[in-house]
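Thanks for coming. I will walk through one chain today, starting with the terms and then going from the whole to single residues. Please keep the picture open while I talk.

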Amino acid sequence: MAETERFDSNGNKVNDSSAKKKNGKIWTIAAIIIVIYIAINSCLGVCHEDEYKLVRQFGRVDRTITNAGLFVKIPFIESVDTVPRKVLLYDLPVSDVITSDKKTMIVDCYVLWRVTDPLKFAQTLSHSVGNAENRIDQLVYNAMKNTISNMTQDEVIRSRDGKITVTDVVAVDDVENNDILLEEQTQVVNIKSLTEEIMEKLGTVYEQYGIEIMTVEVKKLDLPDDNKQAVYTRMISERENIAAQYTAEGESQARIIRNTTDKEVSIMLSEANAKGEQIKAQGEAEYMKILSGAYNDEDKSDFYSFVRSLDAAKSSMTGKGQKTLILPADSPIAEVFAGY
């Protein structure tokens, strides 16, 4: 069979053998590029900022890559596992815990944790985040159960935020009014929070797995639905008892203040009465002294006798509209008016 001749767009004759050679070179170059890419990709690895790389030789961890960047590995001999380097969140399932006073509480919390030793993490937990979360679940639940079981329900509720508000009734001196007033003073007292209690119970047992539990935070602390009403009723009763105690203490303090004030008033009145009697006695003594001096002088004696007679006459005219005074001739007052 004769070969078919081909021509290009310019009318030149095309050689089939040279075209085939050209296509073969292109495919060869492409294959070489692919092989080089696969070789480079199998020899180099990338470690990001938020991860560790574990390089294994035949299943055994040979080295750990902790710095971000490129690293070299042996193809087909070394394999690479990735371990997270960032802070991880694990949300524990909601669980029921019994307090020391045999009350059931529903606790919902979460854990912030991270890998600190990737080699130990791989050896103990097979570099599995799921295995780590299962172990964290057991450790945190046991610590939480031991903590709450040693506390009463009220203590658990009070330690929820690590703060408690205390209100005291104190006596304050009112300098302007010279009085004592009762005032309520409120202060916030820091106490050990429930998170701190759980972390203390937890200890450092998690370090054997190459991880760190940074914190255990309680999202929800509640009561079972069938116990809520009974607990609310008891809490109301307790608050009423506390209010009654504050009221009794306030009334007792008020009685003390009233008794003290009454005593001070009685003392002041007694001193004022004594001083008044003393001044009155001094005035009567001066009055008697003046009368004595007046009666010793004959002229003054007659004048005072006349004045006293007028006063006596005035006192006897007490009737309404009475303007006439009738006296017997031998009356001392008549003698004064008659001038004999």
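When I say buried, I mean a relative accessible area under 20%; exposed means over 50%, and partly exposed is in between, with a 1.4 Å probe and protein chains only. The areas themselves come from the Shrake-Rupley method with a 1.4 Å probe, and for residues only the protein chains shown count as cover.

Now the ground rules. This is a predicted model, where local features need pLDDT of at least 70 and side-chain atom pairs count only at pLDDT 80 or more, while totals for chains, interfaces and linings use all residues. Residues are numbered from 1 along each chain as its sequence is written, and side-chain values use heavy atoms, leaving out hydrogens and water.

First, the overall layout. The chain has 8 helices and 13 strands; these are DSSP runs numbered from the N terminus, helices being H or I with at least four residues and strands being E with at least two. Of its 340 residues, 22% count as buried. The chain exposes about 24,000 Å², and carbon and sulfur atoms supply 53% of that. A contact here means heavy atoms within 4.5 Å. Among contacts with a separation of 6 or more, 58% are between residues 24 or more positions apart.

Next, the core. By nonpolar core I mean a set of buried Ala, Val, Leu, Ile, Met, Phe, Trp, Tyr and Cys residues joined through side-chain atoms within 4.5 Å. The largest one has 36 residues, and those touching the most other members are Val 111, Trp 113, Phe 121, Ile 136, Ile 211 and Ile 213. Elements that each supply at least two residues of this core include strand 4, strand 8, strand 10 and helix 5. Which element gives the largest share of this core? Helix 3 does, with 7 residues.

Helix 2 covers residues 118-125, and its buried residues are Pro 118, Phe 121, Ala 122 and Leu 125. Seen down the axis, these buried residues fall within an arc of 105°, so they line one face of helix 2. That arc is taken from the directions from the helix axis to the C-beta atoms. As a reminder, an α-helix has 3.6 residues a turn, so residues three or four places apart point the same way. The cover over the buried residues of helix 2 includes strand 5 (60-65), strand 7 (78-84) and helix 3 (129-149). After helix 2 comes Ser 126, with a positive phi near 55°.

Now some single residues. Cys 109 lies in strand 10 and is buried, at a relative accessible area of 1%. Not counting residues up to four places away in sequence, Cys 109 touches several residues, including Asp 91, Met 144 and Val 218. Cys 109 and Met 144 are 35 residues apart in sequence, and their C-alpha atoms are 9.7 Å apart. Cys 47 is buried too, at 2%. How many disulfides does the structure hold? It holds 0, a disulfide being a pair of cysteine sulfur atoms within 2.5 Å.

Thr 195, in helix 5, counts as buried at 14% relative accessibility. Beyond its neighbours within four places in sequence, Thr 195 is in contact with Thr 215, Val 216, Glu 217 and Val 218.

Last, Asp 154, which lies in helix 4 (residues 153-158). Is Asp 154 buried or partly exposed? Asp 154 is partly exposed, because its relative accessible area is 24%. With neighbours within four places in sequence set aside, Asp 154 is in contact with Arg 234 and Glu 238.
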